Amino acid sequence: MPGPTGIQPAMFEAARSGDERALETVLGSVHDRLLGRAARKIGPEWQGRIDPDDLLQETYIQAVSDFGSYKDSDEDSFYRWISTILDHRFIDAVRRLRAKKRGEGRAAVAPGAMSRMSRSLGSAC
């Protein structure tokens with residue numbers, strides 16, 4: 001039985017078998033819903049720092065890579081599966097931004113510099 005946008009279960013099977021057009025159709029069937037979900041997840045806190053289109057692109061890359069492991073053949077379960085991927089990509093993006101923020105303002109110390117500094121401080125005393 002087709003889902004809300006008319007995707008037949010056979011379309012999922014064709015996409016899993018490597019049919020690029022079928023995969024585009026399956027991904028396209030959830031695009032607007034995913035874009036809305038991405039925008040809601042980003043919200044005002046991350047707006048301007050995480051782009052919904054970039055988040056969606058990362059989601060699609062992961063989904064295409066993992067599509068062979070998706071076993072169901074209906075849109076609702078596909079949307080839940082790919083939404084989970086989007087959620088994980090969002091969490092990764094937030095972690096990257098937080099790590100970058102923590103690293104700002106810190107001077108990088110070259111390997112071996114600390115031991116040279118401690119030797120020169122020791123000789124100064």
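## Helix α4

Helix α4 comprises 29 residues and extends 41 Å from its first C-alpha to its last, close to the 42 Å expected at 1.5 Å a residue; the expected span is 1.5 Å times one less than the number of residues in the helix. Helices here are DSSP runs of H or I with at least four residues, strands are runs of E with at least two, and both are numbered from the N terminus. The model is predicted, so local features need pLDDT of at least 70 and side-chain atom pairs count only at pLDDT 80 or more, whereas totals for chains, interfaces and linings use all residues. Residues are numbered from 1 along each chain as its sequence is written, and side-chain values use heavy atoms, with hydrogens and water left out.

The N-terminal end of α4 is capped by aspartate 74, which places a side-chain oxygen 3.2 Å from the backbone nitrogen of aspartate 76. A polar contact is a pair of N or O atoms within 3.5 Å; within protein, one atom must be able to donate a hydrogen and the other to accept it, and residues adjacent in sequence count only if both atoms are side-chain atoms. Serine 77 also lies in helix α4. Serine 77 is buried, at 8% relative accessibility, where buried means under 20% relative accessible area, exposed over 50%, and partly exposed in between (1.4 Å probe, protein chains only). Apart from neighbours within four places in sequence, serine 77 is in contact with Tyr70 and Asp72, contact being defined as heavy atoms within 4.5 Å.

## Overall architecture

The chain contains five helices and zero strands, in the order α-α-α-α-α along the sequence. Of its 125 residues, 30% are buried. Among contacts with a separation of 6 or more, 65% join residues 24 or more positions apart.

The chain exposes about 8300 Å², of which carbon and sulfur atoms supply 53%. Accessible areas come from the Shrake-Rupley method with a 1.4 Å probe, and for residues only the protein chains shown count as cover.

## Nonpolar core

The largest nonpolar core has 28 residues, and those with the most contacts inside it are Leu34, Phe67, Phe78, Trp81 and Ile82. Two or more residues each are given to this core by α1 (9-16), α2, α3 (52-66) and α4 (75-103). Such a core is a set of buried Ala, Val, Leu, Ile, Met, Phe, Trp, Tyr and Cys residues joined through side-chain atoms within 4.5 Å.

For tryptophan 81, the contacts beyond neighbours within four places in sequence are with Ala63, Asp66, Phe67, Ser69 and Tyr70.

## Salt bridges

The structure holds five salt bridges, each a side-chain nitrogen of Lys or Arg within 4 Å of a carboxyl oxygen of Asp or Glu. One of them joins the side chains of arginine 16 and glutamate 13, at 3.0 Å from N to O. These two residues are three positions apart in helix α1 and therefore separated by about one helical turn. Glutamate 13 is partly exposed, with a relative accessible area of 42%. Another salt bridge pairs glutamate 58 with arginine 96, the closest N and O atoms being 3.6 Å apart. Because glutamate 58 lies in helix α3 and arginine 96 in helix α4, this pair ties together parts that are 38 residues apart in sequence. Both partners are partly exposed: glutamate 58 has a relative accessible area of 29%, and arginine 96 is at 46% relative accessibility.

Within helix α4, aspartate 92 and arginine 89 are three residues apart, and so separated by about one helical turn; their side chains meet in a salt bridge of 2.5 Å, N to O. Aspartate 92 is partly exposed at 25% relative accessibility, whereas arginine 89 is buried at 16%.

## Helix α2

Serine 29 lies in helix α2, which covers residues 20-46. Serine 29 is buried, with a relative accessible area of 14%, and its side chain reaches the backbone oxygen of valine 26 at 2.6 Å.

Glutamate 24 is found in helix α2 as well, but glutamate 24 is exposed, with a relative accessible area of 58%.
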